[in-house]
Each structure stands twice: as structure tokens, then as C-alpha cells.
Amino acid sequence: MSFSLQAADWSKTVGISTSVVYTDNANLSETQEDDEISLLFTPNITIKGEGARASVDIAGALQLDSRGKGSDSTNPRLRANADAELVERVFFVDLESTITQDAINPYSPVGSDALNDTGNVTTTYTYTISPYLVGRFKGYADFQARYSYDEVSYSKNNLDGSNRHSLTLGLTSGTRFGRLNWGVSARQSETEYDNNRSTEFSSADINLGYRINRAWQVNTTFGKEWNDYTSIQSDTEGDRWDVGFIWTPSPRTSVDLKIGNRFFGDTTSLNFSHKSKRSVLEASYSQDLTNSRSLRDQDIFSAEDPFGDLIDPITGDILPVGVLSTINDSTIVDKRFDASYTLKGRRSTLTIKAHHSQQTHQDSTRDVEQTSFGIDATRSLTGKLSANASLTLRELSQNSSSDADIVGISLGVDRKLGQNSSVSLKYRITDRDSDQAGSSYTENRITASLSADF
């Protein structure tokens with residue numbers, strides 16, 4: 001890869017953000033509210049290199065704080081991707097690594113970042129190596145065989161890490177078939193946890209599709225799956241199928257809808273996207289068999305905005321904590337809905353997001369739900385001064401009983417000092433109302449930050 005990147009185009013940005021944070025409830029306690037002032041230093045770096053046969057994309061930050069208390073006083077964050085063409089048009093390899101901080105149990109008190117001393121946060125480390133072979137048979141068919149190995153580990157010793165081996169084989173129709181498309185695929189993966197438990201998922205599918213015209217395409221899939229995991233359900237495998245269509249009335253609008261059935265019940269999936277010059281509307285719904293380690297995959301640093309424009313992946317804000325699912329080795333049937341709408345004007349941007357997830361654990365009767373709604377708005381007041389505001393609403397429940405309602409409101413201003421430096425001031429209030437004793441709290445926080453790139 002280093003040989004392939006010798007003639008690459010390289011870009012690098014190095015920066016640092018310094019913040020002073022005051023909170024009136026550092027431990028997120030219901031009765032013993034302790035105020036605290038913390039000083040944060042967050043150096044960061046982004047590196048991009050792209051050559052003829054290889055590329056590298058790295059974005060990382062390390063948040064250091066002055067507390068030195070029971071929880072970790074460092075919050076690392078990394079997104080690193082690399083790919084290389086080792087044998088021209090035949091053999092490739094993808095590499096990926098991430099570092100995040102996540103809530104161990106999102107249904108217990110946890111702050112929006114790692115500054116609150118709740119003991120409910122861990123650092124998650126992942127890496128993946130994925131070599132694959134590609135073959136093309138004179139326009140009649142395309143072939144791909146991919147092997148992947150990945151590991152997940154945690155900074156807390158009482159959490160079980162895991163590793164996964166997976167193999168995917170696929171044969172799809174070539175360009176000679178025109179409007180007709182077909183495919184045959186097989187997948188197998190095995191995950192082993194540090195507690196000696198393991199899960200295995202295998203499947204084989206046949207896909208058929210036909211493009212009726214420019215706007216309409218119909219698709220169907222028939223297959224079978226074989227799974228081996230801890231479950232209180234009577235079935236863990238069986239036939240599966242789905243039928244659906246893709247509707248693209250214009251290059252800016254797309255609807256992909258499928259209905260089907262798997263061993264755990266009827267399934268539906270939807271992907272909708274509509275883009276205009278100033279707005280983007282997206283929505284998705286899915287029902288899938290998954291696990292905690294897969295649900296916790298997240299976009300660490302976004303490199304593009306909803307309009308596809310490149311942005312600075314590291315903003316200088318305090319690094320957030322992920323709160324997607326409980327860290328465990330359970331297999332889950334996840335029903336998930338996500339929607340977002342972004343409206344961009346000449347001086348203002350408005351983003352609205354909604355999320356709902358119902359997770360049914362297969363090794364117990366545990367049924368948990370997360371529902372969230374958020375509004376973010378920014379307004380450019382002058383060429384150097386801007387204001388921002390946000391509202392977040394979250395509802396968490398376990399086994400159909402309400403557990404917690406969380407409301408967050410923030411107001412802030414940002415001012416550019418120069419081409420590569422800025423200052424910001426933000427106030428945030430968070431209120432959690434929980435049915436569990438001792439799990440309710442209110443926190444007021446003020447953050448002042450100075451950021452600069454070099």
C-alpha cells in the first residue's frame with residue numbers, strides 16, 4: 001500500500017480545541033448535585049491520501065480533561081479507512097479501525113459525553129481486515145468472494161470483547177442481460193465472545209429483478225438461513241423471501257420498498273430519499289436479526305453534509321457518547337425507523353431528526369425501545385458570528401413500561417477569529433425523569449471553547 005501511495009495526493013489538517021466546562025451536576029445525581037469546572041484539551045488530525053491503486057482516510061481526536069477521577073480522563077476518537085488494489089482488477093483489501101466512547105447501558109443515567117462521572121461509559125476499539133477477489137466474465141456475470149475478520153474490545157474489564165469471521169460469495173448478472181438482473185449469494189459468519197459464547201449466521205439467496213422502464217424496477221429474493229445462537233424462541237432458522245420495487249421518478253428521488261417473511265415473522269424494509277437544491281428528506285425502516293456489536297456501528301466523523309458537500313469532519317465540539325444499545329452478547333430482532341429533513345438557506349440551516357428502535361432480545365423476554373426526536377438550527381448573524389439552538393427529546397422503556405424521558409435544550413454562539421480559528425459559548429440543560437429510583441436528574445452546563453487549525 002505504501003508503494004501504491006507514493007504518488008498519491010495528500011492533505012493533512014492538524015488542530016486543537018481548548019474548552020472550559022462548568023456543570024452543576026457532575027455525577028448526574030438526583031439528590032447530591034456536585035458542581036464542577038473542567039478544563040479540556042482536544043488535539044485532532046485528519047489525513048487523506050489517494051493514489052492510483054490505494055487510498056487512506058483518517059480522522060482522529062483525543063479529548064483530555066483535568067478531572068483525574070474514577071472514570072477515564074481521556075476520550076479517544078478515531079475513524080481510519082484504507083483500501084488497496086493488490087492485483088490489478090482482481091485482488092483488493094479493505095482496512096478499517098474505529099475508537100469511540102459508548103454507554104454501557106443506555107437505559108441507565110449517562111451524559112451526552114464522557115465528562116459526567118456515572119461509571120456507565122467505556123471506550124470501544126474495533127478493527128477490520130477484509131481481502132476480496134473480483135472476477136468478470138465478459139459481461140455475462142460478475143463474481144466476488146470476500147473474507148472479513150474483525151475484533152471488538154472495551155476498556156472496561158468486565159465487558160466481553162469478541163471477534164468475528166465472515167465469508168461472502170456472490171455471482172451477479174453482467175451488462176449483457178440488459179433489463180433483467182439476477183444474483184446468487186451465500187453468507188456465513190461466526191462471532192466468538194470472550195465469555196466462550198458464540199453465534200453463527202448462515203444464508204443462501206437467489207435474487208431476481210427486472211427494470212420495466214427508467215422509473216420502475218421490480219425485485220424478489222428467495223432463500224434460506226441457518227442460525228445458531230442462544231434463544232428462548234422455538235425457531236432460529238428457516239426459509240425467507242421478499243418482493244418489492246424501486247421507484248426513481250427523477251435523479252433526485254428514490255423509493256426502495258420490500259415486504260417479506262423470515263422465521264421470526266413478517267418483514268418490511270423501506271429506503272426513501274428526496275433531494276432538492278436546498279433540502280434533503282430521507283427515511284428508512286428495517287427489521288433485521290442482529291446483535292449489540294453490529295447495532296453500535298456508527299459514523300464517528302461525518303465527512304459530508306446531507307447535500308454531499310465536503311465538511312470538516314472534526315468540529316471542535318466535545319466528543320459525544322454513543323447510546324444505541326446495551327453492550328452484551330445477545331442476539332436481537334431489531335425494528336428500526338429513522339428519518340431526517342435538512343433545509344439549507346442562504347444564512348440558516350434547519351435539521352429535524354426522528355428515530356425509533358424496538359429491540360427484542362432472543363435469549364430472554366427483554367423488550368426495549370428507544371424513541372428520539374431532535375431539532376437543530378443554525379443562523380449566520382454576520383460574516384463571522386453565528387448562533388445555534390437545539391432541542392432533543394428521548395424516551396426509553398423496557399418491557400413495555402416507561403423507564404425514562406429525557407429533554408435537552410441548548411443555545412450557543414460561534415465567532416470566527418481568523419481563517420482557521422474560532423471561539424464558541426454554549427449553554428445546555430438536560431432533564432431526565434425516570435421511574436427507577438435515583439435515576440432522575442437535572443444538569444445545567446456552560447461550555448466555552450477556543451479552536452484552531454494549523
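**Notes on side-chain pairing**

1. Asp57 and Arg79 form a salt bridge through their side chains, with an N to O distance of 3.1 Å; the term denotes a side-chain nitrogen of Lys or Arg within 4 Å of a carboxyl oxygen of Asp or Glu. The pair links distant parts of the chain, 22 residues apart: Asp57 belongs to strand S3 (residues 54–65) and Arg79 to strand S4 (residues 74–87). Helices (H or I, at least four residues) and strands (E, at least two) are DSSP runs, numbered from the N terminus. Both Asp57 and Arg79 are buried, where buried means under 20% relative accessible area, exposed over 50% and partly exposed in between (1.4 Å probe, protein chains only).

2. The model is predicted: local features need pLDDT of at least 70, side-chain atom pairs count only at pLDDT 80 or more, and totals for chains, interfaces and linings use all residues. Residues are numbered from 1 along each chain as its sequence is written, and side-chain values use heavy atoms, with hydrogens and water left out.

3. Across the whole structure, 16 salt bridges are found. One of them joins Arg445 and Glu443 at 3.3 Å, N to O, and both residues are buried. Asp113, Glu443 and Arg445 are linked in a salt-bridge network.

4. Ser185 is placed in strand S9 (residues 180–193) and is buried, at 11% relative accessible area. Its residue contacts (heavy atoms within 4.5 Å) include Leu169, Gly170 and Asp205, not counting residues up to four places away in sequence.
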